[in-house]
Every structure is written in structure tokens, then in C-alpha cells.
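These are my notebook entries on one chain, kept in the order in which I looked things up.

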Amino acid sequence: MKILKFGGSSVASAERIRSVVNIIRSQDDESLVVVCSALGGVTDKLIEASGLAAAGDDAYLRVFDELSSRHLGCVNELLAGPELEGARKHLQEQLESLEEVLRGIYLIQECTLRSKDLVMSFGERLSNFLVCEHLKQFVPDAVMLDARHVVKTDDQFGNARVRMSESFQNIRNHSNGYARIRVVTGFIASTEKGETTTLGRGGSDYTASLFGAALGAEEIQIWTDVDGVLSADPRVVSDAQPVSHMSYEEAMEMSHFGAKVIYPPTMQPALDAGIPIRIKNTFNPQVEGTLIGAQQSGGVNQPVTGISSIKEIAFIRVHGSGLVGVTGTAGRMFSALARAGINIIMITQGSSEHSICFAVGPGDAERSVAAIKEEFALQILQRQIEEILVEKDLSIVAVIGERMRQTPGISGRLFGALGDAGVNVIAIAQGSSERNISIVVKKDQVAGAMQAIHQDFFGDSRGGKTQKSDARIYLVGTGLIGSTLLNQIASLAKSTVRVHGLADSRNMMVSDRAINPEMWKQALEAGEPSSLDSFIEQMLAHDGGVKIFVDCTASEVIAKRYPEILAAGAKIVTPNKKAASGPQEDFDKIADALMRGDMRHETNVGAGLPVMSTIRSLRETGDEILEISGVFSGTLSYLFNTYDGHSSFAELVSQAREKGFTEPDPRDDLSGMDVARKLVVLARELGMRVELSDVEVENLTPEPCRSIESIDEFLERLEDYDDEFAQRALSAQEGGKRLRYVGSIKGGELSVQLKAVGPAASTYGLSGSDNLVAIRTRRYHDRPLVIQGPGAGAEVTAAGVLTDILSLTT
């Protein structure tokens, strides 16, 4: 049998509950125990509601209403018919009970730990009921078990201690003859008197561990929102890699130094019973995850399993001649610290015995010094112990791996990597097991230290260094181009591109961990309401990797934020023409900010065509651009490559709109302003100072049609001008020419107009919806350099954006 535990993020919504049930159904084990936490964020809301009630603030009712709406909304999405009616009745009864408890707290304006435990228990009771009821639609004999009936504890409310033997026996007794699948409430238990208790931090993991140990499970699976344990914190090292398997000891070392692997105290029953623990991703269930067990870590040639850190510590130095050769000094010191309730994170002492150094949390520094001064008052008075020194704003980086002890030269590689990165090591500690080397560095160097170590040990199969920097993508705009870009990122093999932020007009998600680009819709759904200010703030607060803001919108508001983003050292990739073609004053601000950041906008002009980069290369190699001309609109290219003057131009526009070749309102294409913007972008690339109003534009929409509100009415009225368009087309044909909508930059003048071009023109032979750009230079004078191909379409535009992203990682 197996134990499957799902955390709050895994059951945060009806859609996620469906995913959880699909995972449960995919298991072929004879017996399963499924342990679920409360819906994501619900426990915090319950604590908030109880706190408000205890303060006499009737705002607790607002929080209660939110909780009620969320759970009832979930059940409405998950069930239908008689099952829905029965489930709603049960939920409403539970919610009424919760409301009564909160009202009692409100009336007496006090929330004891006992009452708080009771309030928090409703989170698991409600979520597991929802999971079980949805599961019953596919597995009718599935049952829900309220863990309070079997897991017994003392009355230490808030962090109760489990009565192991009694609880194990209860679990075994309850399991005899029961259904194949049981859904069990995590986190909660009860005293001998039946009073509700909670199991403290990691309580649902503890429940899973208890059931696994009691029932002799084959494996305990912890389902979360990452693909397993990673080789480093992805917030700092964006190329952190999943670890296939690791030992219990490695997992505990990683957890001690800040990695979110397992919380060792809660998993102790499983560890004692030797039951493997597998960490898996609810949102990417096909990935094997990380198996934690008695075996050594994976990777035959990889001595290091992971790199972890404690972001902020205080480092205390006690030194003096009175420490040398004096028996019991260390015992006295650490006993004094223990009496003061201070947790020691790391200890280091030189063989000279002249000093003892140790690390504590920054909040414990003053109390530590006071405890030592009290214990060694006489020695300090006699100057046998010098002034106690405290250094703050430091961090610990820990390099962990079972095979480190079997591999010579690990320390040399480690300190070589740090030296190359310019990281100063303040202190070092290594246990006799040799599975952990811990170093103390300045807080502002911890990211550089971790990146340097990770690059050296995980850069490739030989431990060499990678050739590209990691790209952390923050994408705004998940429409056609944005969503296509995400699909293309997902298809990259061994990509260094990681998506860490997504935003559309409604929701946004900024994550320390990389977001699976195949699951972007689910990530956005689980996010928060969209706020451009918050999105940028969170992005800029992230550490590690090349930070790239990708704007796949057409928003002027977002474009105006580019200088701020660039000035903060981030990079920008965008197909949005509004920034590079906006007011010259705004573009100047972007240019000034490029001293700190970098911006790539190749797709502003030719989608995936290399127009901007070609012009840039020509100028960088000393060539002089004399003229740029061509067809810059795929829509207008299609219209005039198809139009022969014998059919209705208005009908052709209507057909193109129906095929999706034009904007929803074809006047946006016919106005010529999109082409004008592209010319402004190119002109500024050439160093010209121009405004959009400087472009001479022939608007192909007849003036009387420009103010018509209805698109259908516009298309009808456009028929009145069919003769005018036909006359121009036939006149061109009589002269052996063809109509082309041409944009041109020449002699400092920018123009966009419908022209009749002859066979000698580069644009004469165009077909389909291709764009064509002819660049005449001093070198390419008689025969211009021609770039031709699809200038529009989601696939080619997204590919151009991705090319720009990759160019920023080299």
C-alpha cells in the first residue's frame, strides 16, 4: 500500500481537486491512504477569523463569508444532482458549526489555544470531504476518515504530542476490512477526552508519516508544487536541477539549511520504519520526483547532492587566552546558551583553542552575548576572555552530499569556485561524516556563492562550467503571441529559460520557483489579481539569473514602465511597438536606462525576420545605410498580392477578415499606422530623432468611412469605393506594374503609401502575405540587401521573441 499526501497548493481549487482525484485514480495499488491539507490559504484565513473574533472585530464575519463561498463554490463545480444536494447540506452544517465557534470567541473576546485548534481543524475537515465526495463519483466505496478518531495526543494544544502506541493500534484496527481508498484529514487529532488538537508545523506530513509507519506502507508520497527536491534554491539558482534520489541524512541536512524538503520531526515515524518518501509534483505528475530513503544519493559521478543556505545569521566570536587548554569551557558556554533557549545553528573552533565561533539567528544575538557574559563574568573581568564580537548580515551556505566523503578534492573545487567568483569565506565547518561543508559569507554574497558552486558542480556531466546564463522570464500578456511563446519554451530541450512570472489583464503569478510553461493557465488561475506595480516590484526583488521582462501586449501603459525596469538592471524583450515608436522624449528615457539594462525588440518590425539585427550588424561593421524600403504589413501584402482590380476590394477585405488575416477592425491595417510605427522604430535604430507624426502616411480607409462605429457598416460602405481601388489597380497593370503598400526611409524622410512598382522593384514579385525589406547601403548599393519572409503570425513572432530571449543569455 501507499500513502499519498497532498498539500494546500495541490487542493487549492475545484480544478486542482480534479487533478488530485485523477492522480489517485491512476494508482494501481490495492490499498491507498490519501491525506489532504486544507485548501491553499484556508488555514491562514481561519487563524485570521479567530484573531478578529477574539479582538471583538465583527470583520471576522467577512472572512467567514469568504471561506463559505469558496468551499460551496468548489462543491458546485465538483458535483451535480442528488450528490451535490447532499454534499452542500453537509458543508453548510460544518460551516454553521464553524460560525458558532467563531461567534463564541467573539462574545467572550478570547481565543485559547484549544479554541484555535478547533477553528483550524475545519480547514482539513472541509477539504477532505470535498476530495472524497468527488472521488466517490469514480470510486464509490472510497471513505473519509476524520483522523481525530484514531490519532490520539496529549492536551498540548497548538503542537500536541502523539501517543504513538495507542494511535498506531487505532489506525491498524480501523484499517481492517475497510475500503481500498481512505481519505484522511491531515494535521488534526484529539485527546483522550475527544478534544480537538493540531500537530503543529508540517502536521499533515506527520499524519501521513504516522499512517505509513502504522500500516507498514511501501512508500509515502508527498505531493507538492515542485518536481521534487532541487539541487539549490531556484529563487537564487534558476538552473537548479531535480535530484532523483537522496538519503534520509542528506534530506535532513538540506532541510536544516533552509531547503523545503521535509520537516524532519514530522517524518520521524517513517524514517524509524525505513519507509521511503517520494516528493512529487501535483502539476507535473508524470515526473518521477525525488525518492528519499536509506540508499545513497543519485548520480554516479556527482559527489554533491544539493546546495542550501540560511539567508541571515549572526556570527559570534568568543576568544581569549583563558579558553586554551581549559576543560569544560565549551560545555559551560553551550549550557548557558541552552538555558537561555538559544538555538545554535553552526559551531567552528580552531585547533589552537584560542577562539570558539558559532552562528545563531539574528534575533538571538544580544541574548547570546548576555548569556555568555553572565556565565564567564569572572574570566571577562580578568581579561582571560576578550570582548565578545558579533557580526551580522551574514549567511550560511551548505554543500551537501553523501559521496563527498568518498571523493578527494571537493574542498579544493569548492573554494576555487568561490575564489573565482570573488566570494570571501568568513568561517568554515565540516562534520566528521564529511557529508556537509558549511561556509559563512556576507549576506550580499550568498547568491553569488551559491551560483558559483552550483555552476562548478552541476554545470555539465563533468562538473564543468555552463556557457550560458540562466534566463528568468517574467511574461506580461498571455494572448496569442504570449501563449505561443510559452509553448515554444516548453518544447526546448535542456533549456536555461525559466518562467518565473506571468500576468494577464485579470490575474498574475510571480513565483520563486520556475513555473511549468505547460501549466501556465493553472498557474495564472491560482495567482492573485493583476497589478502591474506589484508584478514589477516582485520581479525586481528576485535574486539570481538573467532577469528578463517580456511584454507581449500592445499597451502604452506598460511601455512607459520600461525605463524603470531597465534602470533596475533587468532586461526587456518585446514585440510591443509602443515603446520604440512612442514620443521621442519617452524613447530617450529608455535609451538612458539602457546604460543599466538591455532591450531587444527585433519583432517590432518583421516578426521573426532578422531586420533589426541585420541593420545593427551593418552599422557596427562600418557600413552606411542609405535607404530602407519595402512592404512591412503582412495584411496589406496579402491584399495587394491578391487584388487584381476585377473583383471587389471591399469583398476581399471582408474575406481576409474572416480568415483572420486582418485585425478585428480592418481599418487598423488600412490606416497604415502600424507600418508608420515600424518605420519610426527603424529610423531610431539608425540614430534619427523622429516622431510618429513626422511620417507621411497614406490612409487607405476612405475618409467618410473612418468614423463609422459598426465594422459591418464600414465594410458595406467600403463597397462604394471599389471603383477607385479598381482604377488604381488597372492603371498600374496597363503600365506593367503592380500595387504595393510601401514604407520608405530615405534622405531623412519617412513615408508610407500605395505605389505602383515595376519589375525592377524588389517588392514586384511578392506573393502571399510575405513581408520584404530592401536595405540599400554603401556596400549594397546597386543591388540592395533583401530580407523576405512571413512578417506576421503567432508562431514566427513568438519564435522571434524567443530568439531575443536566448540572445540575452549568452
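Predicted model: local features only at pLDDT ≥ 70, side-chain atom pairs only at ≥ 80, totals over all residues.

Entry 1: Residues are numbered from 1 along each chain as its sequence is written, and side-chain values use heavy atoms, with hydrogens and water left out.

Strand β15 (residues 427–430) is joined to β16 by four bridges and runs antiparallel to it, and strand β14 (residues 389–400) is joined to β16 by seven bridges, also antiparallel; two strands pair if DSSP finds at least two bridges between them. Six of the seven residues of β16 (residues 436–442) are buried, so I noted this strand as largely enclosed by the rest of the structure. Buried means under 20% relative accessible area, exposed over 50% and partly exposed in between, with a 1.4 Å probe and protein chains only.

**Entry 2: the open sheet.** I traced six strands in the order β25-β27-β26-β24-β28-β29, which form an open sheet of mixed pairing. β25 (696–697) and β29 (785–790) stand at the edges with a single partner strand each, so one side of each has no neighbour in the sheet. Between strand β28 (residues 770–777) and β29 I found six bridges in an antiparallel arrangement, with Val 773 opposite Ile 787. Helix α23 (residues 634–642) lies across β24 (625–631), β26 (738–746), β27 (749–757) and β28, and runs at about 145° to β26; axes are lines fitted to C-alpha atoms, for helices over the stretch in contact, and angles run from 0 to 180 degrees between N-to-C directions.

**Entry 3: the cores.** Which residues have the most contacts inside the largest nonpolar core? They are Ile 628, Leu 639 and Leu 682, in a core of 53 residues. I take such a core as a set of buried Ala, Val, Leu, Ile, Met, Phe, Trp, Tyr and Cys residues joined through side-chain atoms within 4.5 Å. Helix α26 (residues 673–685) gives this core its largest share, seven residues. A second, separate core of 49 residues includes Cys 36, Leu 46, Leu 78 and Cys 132.

**Entry 4: helix packing.** Helix α4 (residues 81–108) and α5 pack at about 170° with axes 10 Å apart, which makes α4 roughly antiparallel to α5. Angles under 35 degrees count as roughly parallel, over 145 as roughly antiparallel, 65 to 115 as roughly perpendicular and the rest as oblique. The axes of helix α1 (residues 14–26) and α5 (residues 113–136) come within 10 Å and cross at roughly 60°, so I recorded α1 as oblique to α5.

**Entry 5: Val 33.** Lastly I looked up Val 33, found in strand β2 (residues 32–36), which counts as buried because its relative accessibility is 0%. Its C-alpha atom is separated by 6.1 Å from that of Val 183, 150 residues apart along the chain.

Methods: Helix = DSSP H or I, 4+ residues; strand = E, 2+ residues; numbered from the N terminus. Contact = heavy atoms within 4.5 Å.
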